[in-house]
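Have the model open while you read.

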Amino acid sequence: MSKGKVELPFHPKVLSNLKEAILYVHEKGSIIEGNSPAFSLLGITETSSISIYDYLDFKSLKETGNSHLLVEPANKPNTLIEVRCIQVNRTLYCLLMNDITIKGKSEEVKTYINCLIDPSVEGMVMYDGEKIIDCDETFAHIFGFSLQEINTMKYTELLDRDSAHKLINEIQQYPGKPYQLTGRRKDGLPVYLEVIEHPYNNKGNIIRVSIVRDITKQVENAKMIEYMAYFDDLTDLPNRNFFIKMLDDAIVNARKNEELLAVYYLDLDYLKEINETLGYAFGDKLLKECGTKLKTFLQTDTFIARMSGDEFLILKYGIPAKANAVELAESLITAFEKPVQIDDYEIYTSISIGISVFPDNGLKTRDLIKQANSAMYVIKEKHRNNYKLFESSISENFKSMLTMESELRKALSKDQFEVHYQPQKNLKTGKIIGMEALLRWNHPEKGYIPPLDFISLAEKTGLIIEIGDWVIKEACIQNKTWQDNGYTPAVVSVNLSAKQFHQKSLVEKITSILEETGLAPEYLELELTESMAMTNEDYILATMQRLRQLGVWVSIDDFGTGYSSLKYLSLFPVTKLKIDKMFMDGTQKQNRAIVKSIIHMSHSLNMKVIAEGVETIEQLTFLEEEKCDEMQGFFLSKPLPPEQFSKLFATSN
């Protein structure tokens, strides 16, 4: 190469020992000097042309200043290199070059776009518009194609229609964060993907690199858990958990839109006698047929679920008036009067129905279900094959609520609240490693009032903020006292309500409480409900991250009762999942499968898992066999006041 009389920043010997590909070029295009990596990258030999224009669009490079560009060398079609052009002086330019082809370079590209990912399970693809330019073997393997096959395809050909639309219209517009897509393998099977991409500007043409993770197993596992948690496997109808979720949401919307809702509690008459006469297998077939019959009533404004045994629930949205609620009940009774053919038997069935209406008969999910259930039992005892609307005096209930609110406001100022502690045991060591702080109201006249009777009212009135702050501070004071008295340091967990968590000053409050009480942050854990954690994701994530940066632990309470996204579980800095106590009910056979799945999923996400509501040795043995990390429940101890907990703490550890 011709150096001329140009003075270079590096001595040629230094330049020749650099691993980076570097060329020095005169402003008119003459290659002044370079090193072996640069010559090799561009395919330059001693006998070849010494003008950079024979290899690169030098004019465009000079115009871009110090920007990184992806360019295609003139003598190497279908190859992309990254070039940065730096003007050294008036006539001399330095070209810094890098080979970014995917083969052998995946780690460099991943580092370049700041993605800390696992190359053993994640693939990479480079594409222009929709056309695949290059990909690695992992990406091709995810879709079941060979490298030769996939490099002739469009990226969108590998995705379903919705995902292809999402790729072009959403991901390409807002890159840099994870998206979930659905693809199709060569064999036609679906494949679920998590995609992060980063664009490169190549002379105004956008070249994109996508990091693709195969999350098919996680998604299918989540779907299985969701089905088991929210559907009845006998009738294939939604179950009680799903119904409660739907009714919760319906009440929110009905309150907002000032609409009426009707809840129907159905009981199949004489199933007990049929089971005893023809057997439980026959009874299951009858229940299945009844489920099929109920499905014929499904409409956009009607939701149907199986409660348990021979009981079903129906939710009817937007009824015009309370009197209209009986119309569906009459149609159901007529339909069930028609016989059902099972094996060689023609079975005549009938149903008893209780009806409650929102807001007349209740403002909460449990109240509406309870009132409908009460009405059903009244009609079942008297007539059967009939329906009854719930009748109650709501003014009396309202008066009771006002009295409760007044007493609740006095309770905090008059020190009527207490914090009791339920121990949490490590199933591997058998030691108490933590405790859950639980609020108790010791009323001077009524004695202990259950939290279920006043927590929702506290949330409605906003008192939950003040009460919640008091509980956190009291729990921190008590935990620090135990540590100062020589007890083994343990983590105290405190439940947060939605209103508490959405305070803008929450992290500052926690910081202040920890500083005031002297408790180290690693000995405090804050519990969020699953449904709370999966709403307003950006704010939730930011708050969780700030709490974790502070050193406070964050866990998900009542896991399995809401809708969880694996994407959010993997993004959120959650350290522990708590299995809801309803899944510890051994009478429901699918509960064990759900618990197993949650434990295995938690461990796969590097989270600990704790089971609450453990009451029997059988439940404990099952959890130990499934490698559950921790437990709490009446089998170990009920929630105890501090002085009683101190004795248990000292004895156990």
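The points below go from the sheet to the helices around it.

1. Bear in mind that this is a predicted model. The part I looked at is built on an open sheet of five strands, ordered β12-β13-β11-β16-β17, with mixed pairing. The edge positions go to β12 (302-308) and β17, each of which has a single partner strand, so one side of each lacks a neighbour in the sheet. On average, neighbouring strands here are turned by 20° against each other, ignoring direction.

2. At the β17 end, the pairing of β16 with β17 is parallel and runs over three bridges. If you want a spot to check by eye, Ile353 sits opposite Tyr387 in β17.

3. Next, what does α9 touch when it packs on the sheet? The strands are β11, β12, β13 and β16, and the direction of α9 makes about 20° with that of β13.

4. Helix α9 (residues 240-257) also meets helix α13 (residues 365-382): their axes come within 9 Å and cross at roughly 115°. The two are therefore roughly perpendicular to each other, and the crossing is right-handed. On the α9 side the contact uses Phe243, Ile244, Leu247, Asp248 and Ile251, while α13 brings Thr365, Leu368 and Ile369. By type, the residues of this contact come out as six nonpolar, one polar and one charged.

5. Now for α10 (residues 271-278) and α11, whose axes come within 7 Å and cross at roughly 140°. That angle makes α10 oblique to α11. Leu271, Ile274, Asn275 and Leu278 from α10 meet Tyr280, Phe282, Gly283, Leu286 and Leu287 from α11. This contact divides into seven nonpolar residues, two polar and no charged.

6. Finally, look at helix α12 (residues 325-336). Which of its residues are buried? They are Ala325, Val326, Leu328, Ala329, Leu332, Ile333, Ala335 and Phe336.

Notes
Residues are numbered from 1 along each chain as its sequence is written. This is a predicted model: local features need pLDDT of at least 70, side-chain atom pairs count only at pLDDT 80 or more; totals for chains, interfaces and linings use all residues. Side-chain values use heavy atoms; hydrogens and water are left out. Buried means under 20% relative accessible area, exposed over 50%, partly exposed in between (1.4 Å probe, protein chains only). Helices (H or I, at least four residues) and strands (E, at least two) are DSSP runs, numbered from the N terminus. Axes are lines fitted to C-alpha atoms, for helices over the stretch in contact, and angles run from 0 to 180 degrees between N-to-C directions. Angles under 35 degrees count as roughly parallel, over 145 as roughly antiparallel, 65 to 115 as roughly perpendicular and the rest as oblique. A crossing is left-handed if the near helix is turned anticlockwise from the far one by less than a right angle, and right-handed if clockwise. Contact means heavy atoms within 4.5 Å. Ala, Val, Leu, Ile, Met, Phe, Trp, Tyr, Cys and Pro count as nonpolar, Asp, Glu, Lys and Arg as charged, and the others, Gly among them, as polar. Two strands pair if DSSP finds at least two bridges between them.
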